[in-house]
Amino acid sequence: MTDATRRGFLIMAGAGAAAAGVAAIAPAAGQATPTITRSRGAARVSSPLVAYVRDARKGDVSVMVGEREVVVHDPELVARLTHASR
Amino acid sequence: MSSHREAPEISKDPVADNTDVYAFVSPDRPDSVTLIANYIPLQKPDGGPNFYEFGDDVLYEIHISNRGDARADLTYQFRFTTTIRNEDTFLYNTGPINSITDTTWNRPQFYSVTRVERGQQPHTLASGLTVPPVNIGPRSTPNYAHFTTEAVHPLPGNRQVFAGQRAEGFHVDLGSIFDLGTLRPFEMLHLIPSANAVGLNGTQGLNVHSIAIQVPKSDLARGSNTPTRPLDAGSVIGVWATASRQKTRIHDDDDGGWTPFGPFRQVSRLGNPLFNEVIVPMAHKDRWNALDPNDDKAFAQYVTNPELAGLLPALYPGVFPNLAAYAKPRADLQAILLTGLPAGIVAGFQNNTGPVLADMLRLNLAIPPATSPNVLGLIGGDPGGFPNGRRVIDDVVTVELRAVAGATIPLVDPSFTPDGAASAVTDGTANTNAPYLDTFPYLGTPAGGYQTTPGTPAT
């Protein structure tokens, strides 16, 4: 496993820990975050990213790349992240 | 203090902690306005070897609202980048720094200035601007005052900017005022009395980091006008500053640093001095810091029924009987802090921005600088000063103490007679920091590390 891949895995695992209810980050008032439903298309991500699950029951994953944040509604992904954190 | 360590969360993040905001018509260039936002409180000048600096991961902003809705119509953004020239030394400087461009400064910092108009794309005015080093001492940063001149950078549009360490310009008796509201000149009258004493300036000899920008009035006013009529609504602007951090960060085991991710979220805000400090309850201070002024209606109850106005009669029994008996909502404080004073209260003056309740400094651009300024500003008969904006010289602690004590109630309720103490109350301090400058950036030369005298032995 390359360093880059390993780091990405650890970040994703960290997000899984967040899903277990460690911390909560609330968006500031008036600053909307776009929400999309997961696309099955192949993803191409060249930068590190952080995935954050605030409430696993909602099935939403907040993905942060650079100065952007996208909330993806993907219960299946949330379930897998939650499972990975156990 | 004005806003130094004023909320639980930001007190743990000094690099993003906005301590004071100033907005005033420039006394030496009255066609312009100077805006200053200070950060990184209570800098002990000898705090090396890793001296104070702006955060590369912080978005610093100064906002201006000019159409009455307490939303930013114009924002100046400041972003910093720090480099290390020599990776093989622990030294901040490898020899005397004689110029801000000297390579003996091992950790130079640079910044960009971006102007954002409401609804428009950001416009970068300049980048690669140099921050001066901190004042270390006569061997490392000799003749420090000349760094100030070097670090004042011209910007397009007849603007100029400075970012770097300055002497603290705000004075207050920290040691006494947080000891159950003690005011040393009146200690004999305190509920737990002791002999009266002279106030001690708790910020004496300390530094801050300032971002100062001077721009033409037309850069800030509604419709790009240069206001000349004080009673025109378009003559008044609202000003506040913020600091924001990205939503999360990950510790990088490879280099021991942190990598930020996500959009910026506001972690510090400041308009009027002492608003979050002594108006907002502790449980709500962090939330207040994350909100915009447009959301301040939720905090109006703490302005119209301020906790401090109830504490003064309790802590100083018998000194404030009229204040203690006053049961009406404090419309005077609401006007001063949340809407600005409407016309008709002070002859020839107003700084009202309409009905939206919002904590902002409110500056009437058509009021010329005073030829003989009074540090008590408007309550001292000088409409060129606080709460008409805020100058570096303004004694905002005394002004706000007297306002809370009831001195300004007659402005809106002539039936009220202030207690005699309301016009005398003070923390007893004067500015014993470095002298202010007569020219931009106005705040004094920062205190030097070598020149610093350690504090008194602990008792």
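A residue is called buried here if 20 or more other C-beta atoms lie within 10 Å of its own, and exposed if 12 or fewer do. Keep that cut-off at hand for the exercises below, which all work on a predicted model.

**Exercise 1. Helices and their buried residues**

Task: Find which residues of helix α4 of chain B are buried, and state what covers them.

Solution: 
- Step 1. Helix α4 of chain B spans residues 282-290, and its buried residues include B:Trp288, B:Asn289 and B:Ala290.
- Step 2. Look for the cover: β11 and α3 of chain B are among the elements that provide it.

Task: Now work out how the buried residues of helix α6 of chain B are arranged around the axis.

Solution: 
- Step 1. In α6 of chain B, residues 307-315, we find B:Ala309, B:Leu312 and B:Pro313 buried.
- Step 2. These residues lie on the same side of α6(B), because the arc they cover around the axis is only 85°.
- Step 3. Turn to the face pointing away from that buried side: B:Glu307 and B:Ala314 are exposed there.
- Step 4. As for packing partners, the buried residues of α6(B) pack against α7 (321-325) and α9 of chain B.

**Exercise 2. A sheet in chain B**

Task: Write down the strand order of the open five-strand sheet in chain B, then identify its edges.

Solution: 
- Step 1. The 5 strands follow the order β1-β2-β9-β8-β7, and their pairing is antiparallel.
- Step 2. β1 (18-25) and β7 of chain B each have a single partner strand, so they stand at the edges with one side lacking a neighbour in the sheet.
- Step 3. From one strand to the next, the twist averages 20°.
- Step 4. Zoom in on one pair: antiparallel β7(B) and β8(B) are joined by 3 bridges, and B:Leu155 stands opposite B:Arg159 of β8(B).

**Exercise 3. An exposed histidine**

Task: Is B:His123 buried or exposed, and which residues does it touch?

Solution: 
- Step 1. B:His123 lies in strand β6 of chain B, residues 123-130.
- Step 2. The count of C-beta neighbours inside 10 Å is 11, so B:His123 is exposed.
- Step 3. Leaving out residues up to four places away in sequence, B:His123 touches B:Thr114 and B:Arg115.

**Exercise 4. Chain A and its contact with chain B**

Task: Describe the build of chain A, then the side that touches chain B.

Solution: 
- Step 1. Chain A has 2 helices and 4 strands, in the sequence pattern α-β-β-β-β-α.
- Step 2. Of its 86 residues, 19% are buried.
- Step 3. β3(A) and β4(A) pair antiparallel through 6 bridges, one of which has A:Ser62 partnered with A:Val71 in β4(A). Their hairpin has 2 residues between the strands, and A:Gly66 there takes a positive phi near 55°.
- Step 4. At the interface, 15 residues of chain A contact 15 residues of chain B. On the chain A side, β2 (50-52), β3 (60-65) and β4 (68-73) each supply at least two residues.
- Step 5. Sort that side by residue type: 10 are nonpolar, 2 polar and 3 charged.

Definitions and conventions
Residues are numbered from 1 along each chain as its sequence is written. Chains are lettered from A and ligands numbered from 1 in the order in which they are written. This is a predicted model: local features need pLDDT of at least 70, side-chain atom pairs count only at pLDDT 80 or more; totals for chains, interfaces and linings use all residues. Two residues are in contact if their C-beta atoms, placed from the backbone, lie within 7 Å. Ala, Val, Leu, Ile, Met, Phe, Trp, Tyr, Cys and Pro count as nonpolar, Asp, Glu, Lys and Arg as charged, and the others, Gly among them, as polar. The arc is that of the directions from the helix axis to the C-beta atoms. Two strands pair if DSSP finds at least two bridges between them. Axes are lines fitted to C-alpha atoms, for helices over the stretch in contact, and angles run from 0 to 180 degrees between N-to-C directions.
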